[in-house]
Amino acid sequence: MVAARASSVVLQPTRKQRKLLKRKAKVREKRKSMKEKKLKEKSNVTPLVTKYWFQRYDLFSKYDVGIKLDEEGWFSVTPEEIASSQARRFAGAGVVIDAFSGVGGNAIQFAKVCHHVVAVEIDPKKVALASHNAKIYGVQDKIDFVVGDFFQVAPFLKGDVVFLSPPWGGPSYKAKENFTLDLLKPKDGYAMMIVVFDQFLHVHSLFQVAQAITPNIVMFLPRNVDVLQASELSWLSSPPLDIEVEENLVHGRLKGITVYFGDSKLCL
Ligand SMILES: C[S@@+](CC[C@H](N)C(=O)[O-])C[C@H]1O[C@@H](n2cnc3c(N)ncnc32)[C@H](O)[C@@H]1O
């Protein structure tokens, strides 16, 4: 008896076919990079922010609808997933003050779930961008934009929550092994004591300025922040504030730390 033998034929592409496939792949790659180049030119992307442009949908899911950012906005906006989870804790809250609102990443997410947002920003160009971006998300009517220095306008503000995402000093913050709160711009995030002729001169920190408005304060800080120092702010307050520290990840990568002081599940 003769056993039947299974046979298989593996077809190898010829040299000519291989060359053709390689050429096609090259053309596809070239077309893709031309398309990205054109898109980047259209959205004013400088070499410094190219890295952030590749993350554009993490920053704003509606990027393609016409979101606009300036150079600083590209690397300082809170990624949407993080801004949205920070805002959800305060769903139903009354007035949220976004003290450093930039191009609107956080203000937009707060406006989606809270009653009203007061967005303070020192740079009028960013305020114009934030207002434009808020329109894209359909929440412009829920935000009052204030062009001004938060430290100057704070005494006139009333709100239930103050959200603080001050500048971290540009992308170079990553180089610090331990990011202490005095590195926050434009003003120290921690209480400072300066000795002048044996007398203590108390310089108000960012945290203290916010505390004069409400004890419900949220700070969005770099991933390398000195968490112990940040927590000290809660027990240095009188009465001591409740505190919760949260790690913020995007695609499994740590992007920042949010510290919630006071009542972090505030619904008014
Ligand atoms: C880290 S960015 C905020 C980003 C914002 N959370 C977002 O998601 O778009 C910090 C912003 O604070 C602004 N800023 C700096 N000093 C300020 C001040 N004294 N008062 C108000 N805004 C200030 C900067 O212009 C910058 O846009």
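**Note on the predicted fold and its ligand shell**

1. Contacts in the chain that have a separation of 6 or more come to 60% from residues 24 or more positions apart; two residues are in contact if their C-beta atoms, placed from the backbone, lie within 7 Å. The model is predicted: local features need pLDDT of at least 70, side-chain atom pairs count only at pLDDT 80 or more, and totals for chains, interfaces and linings use all residues. Residues are numbered from 1 along each chain as its sequence is written.

2. The secondary structure consists of 10 helices and nine strands. Helices (H or I, at least four residues) and strands (E, at least two) are DSSP runs, numbered from the N terminus. The chain has 268 residues, of which 34% count as buried. A residue is buried if 20 or more other C-beta atoms lie within 10 Å of its own, exposed if 12 or fewer, and partly exposed in between, with C-beta atoms placed from the backbone.

3. The ligand has 23 residues around it, and S76, F100, G102, G105 and F150 come nearest. A residue is near a molecule if its C-beta atom, placed from the backbone, lies within 6 Å of it. At least two residues of this shell are supplied by each of α4 (71-76), α6 (105-113), β2 (116-121) and α8 (150-153). The shell divides into 10 nonpolar, eight polar and five charged residues. Here Ala, Val, Leu, Ile, Met, Phe, Trp, Tyr, Cys and Pro count as nonpolar, Asp, Glu, Lys and Arg as charged, and the others, Gly among them, as polar.

4. In the largest nonpolar core, which has 60 residues, V96 and L164 touch the most other members. Strand β7 (residues 217-221) gives the most to this core, with five residues. Such a core is a set of buried Ala, Val, Leu, Ile, Met, Phe, Trp, Tyr and Cys residues joined through C-beta atoms within 7 Å. Beyond its neighbours within four places in sequence, V96 is in contact with residues including F90, F110, V117 and F163.

5. Helix α7 (residues 124-136) has 13 residues and reaches 19 Å from its first C-alpha to its last, close to the expected 18 Å; the expected span is 1.5 Å times one less than the number of residues. The buried residues of α7 are K126, V127, L129, A130, N133 and A134. They lie on the same side of α7 because they cover an arc of only 160° around the axis, the arc being that of the directions from the helix axis to the C-beta atoms. Among the elements that cover these residues are α4, α6, β2 and β3 (143-147).

6. Helix α5 (residues 80-88) has E80, I82, A83, Q86 and A87 buried. Their arc around the axis is only 165°, which puts them on the same side of α5. These buried residues pack against α3 (56-59), α6, β7, β8 and β9.

7. Some backbone geometry deserves attention. Most residues other than glycine have a negative phi, and most peptide bonds are trans. H251, however, has a positive phi near 50°; H251 lies in the loop between β8 and β9 (253-261) and is exposed, with 9 other C-beta atoms within 10 Å. The peptide bond from S238 to P239 is cis, with omega near -5°, and P239 lies in the loop between α10 (227-235) and β8 (243-250).
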